[in-house]
Amino acid sequence: MSGSSGGADDAHTIKAGRRTVEVSRPGKVLFPDDGITKADLADHYKAVARRAVPHLRDRPLMMERHPDGIGGRPLMQKNAPEYFPEWVRRSEQSKEGGTVTHVVCDDAATLVYLADQATVTVHRWLSREHRPDHPDLLIFDLDPSEGAGFEDVRWTAHRVCELWDELKLPARLMTTGSRGLHVIAPLDGGSDFDTVRDFAHLAAERLARQHPDRLTTEQRKAERKGRVYLDVQRNAYAQTAVAPYSVRALPGAPVATPISRDELDDPGLTARRWTVATLPDRLAEDDPWAGLSWRGRSVRAARERLEGLGGVGGVKE
């Protein structure tokens, strides 16, 4: 599949914006069952950069690196190594007992360089570097429990979108490339993570009470009983979520892919519908998020509307 030729040490360079990135050991196979190499991974991230980088810009990242391929032990890396080139931007953020210097991806060259470092998956913060305690994204992760199918995930996404319509929150949808779907709402950054997470819990609990046979907020897997888990745990400081167009470290190299709301009605939709091999056809089509406003909305206003619907209980810890 690779655009490189010969052995793992042959040169492979990629022009990305104003920079040219050299991919070291481009023939290194990262997905052994699929023959996907590091060069293939870098080519993928160059191809998606125009759509992906706007959703990464100004956000601290976590790199999921697989230097020995996806069958090896992954490196979940937050700190930017000292050897990273100077042009890869960093952002120092607080953690308990110190700080972490994260990579920030503002351009295509950085995205390609991360692929050169065997970063298979890019995970992003839900807040931006200059206001790290105030998220501008809210994410519902719709995770099917054992016994639930993807048709249940599609049904759940419709229910979340309908609630967001009532609360005047925009809904942006994405396959995760793993098991489920993300429903993403742009926020105005006016509320801190505690406020956002409390609201997310309340909204999730309301949906679970309305559809107890199909939805759950139960964190214990054994108690989910074939329902879709409404996971809102990512809405917290320094937590991350898979970024749009990121590759997952799974056989077939599935890709987290934005979708339109209409596509929820497609019975062929799955979490792993698009892969590194098939995504070029998707990129040749219109961007499903193009033309959608990303103007952030107020969580406080959404919570007032939620309370106005009635039946809002306490926040489940």
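Residues are classed as buried under 20% relative accessible area, exposed over 50% and partly exposed in between, with a 1.4 Å probe and protein chains only. The structure is a predicted model, in which local features need pLDDT of at least 70 and side-chain atom pairs count only at pLDDT 80 or more, while totals for chains, interfaces and linings use all residues. Residues are numbered from 1 along each chain as its sequence is written, and side-chain values use heavy atoms, with hydrogens and water left out.

At 17% relative accessibility, Asp143 falls in the buried class. Asp143 is part of strand E10 (residues 137-144); strands (E, at least two residues) and helices (H or I, at least four) are DSSP runs numbered from the N terminus. Contact is taken as heavy atoms within 4.5 Å. Not counting residues up to four places away in sequence, Asp143 touches Arg179, Arg224, Arg227, Val228 and Tyr229. The C-alpha atoms of Asp143 and Thr216 are separated by 10.0 Å, the two residues being 73 residues apart along the chain.

A nonpolar core is a set of buried Ala, Val, Leu, Ile, Met, Phe, Trp, Tyr and Cys residues joined through side-chain atoms within 4.5 Å. The largest such core has 77 residues, and those with the most contacts inside it are Leu111, Leu138, Phe140, Leu142, Trp164, Phe199 and Val247. Helix H3 (residues 150-167) supplies the largest share of this core, eight residues. A second, separate core of ten residues includes Leu137, Ile139, Phe193 and Val242. Leu138 touches Trp164, Val183, Ile184, Ala185, Leu187, Val196, Phe199, Ala200 and Asn235, again not counting residues up to four places away in sequence.

Two packed helices are described by the angle between their axes and the distance between the axes. Axes are lines fitted to C-alpha atoms, for helices over the stretch in contact, and angles run from 0 to 180 degrees between N-to-C directions. Angles under 35 degrees count as roughly parallel, over 145 as roughly antiparallel, 65 to 115 as roughly perpendicular and the rest as oblique.

The axes of H4 (residues 193-210) and H6 (residues 299-308) come within 10 Å and cross at roughly 30°, so the two helices are roughly parallel to each other. Their crossing is left-handed, meaning that the near helix is turned anticlockwise from the far one by less than a right angle (clockwise for right-handed). In H4, Thr195, Val196, Asp198, Phe199, Leu202, Ala203 and Arg206 meet Val299, Arg300, Ala302, Arg303 and Leu306 in H6. The residues of this contact comprise seven nonpolar, one polar and four charged, where Ala, Val, Leu, Ile, Met, Phe, Trp, Tyr, Cys and Pro count as nonpolar, Asp, Glu, Lys and Arg as charged, and the others, Gly among them, as polar.

H3 and H4 pack at about 120° with axes 11 Å apart, and are therefore oblique to each other; the crossing is right-handed. Arg159, Val160, Leu163, Trp164 and Leu167 in H3 meet Phe199, Ala203, Arg206 and Leu207 in H4. This contact has seven nonpolar, no polar and two charged residues.

For H3 and H6, the axes come within 9 Å and cross at roughly 105°, so these helices are roughly perpendicular to each other. Leu163, Glu166 and Leu167 of H3 make the contact with Ala302, Arg305 and Leu306 of H6, with four nonpolar, no polar and two charged residues.
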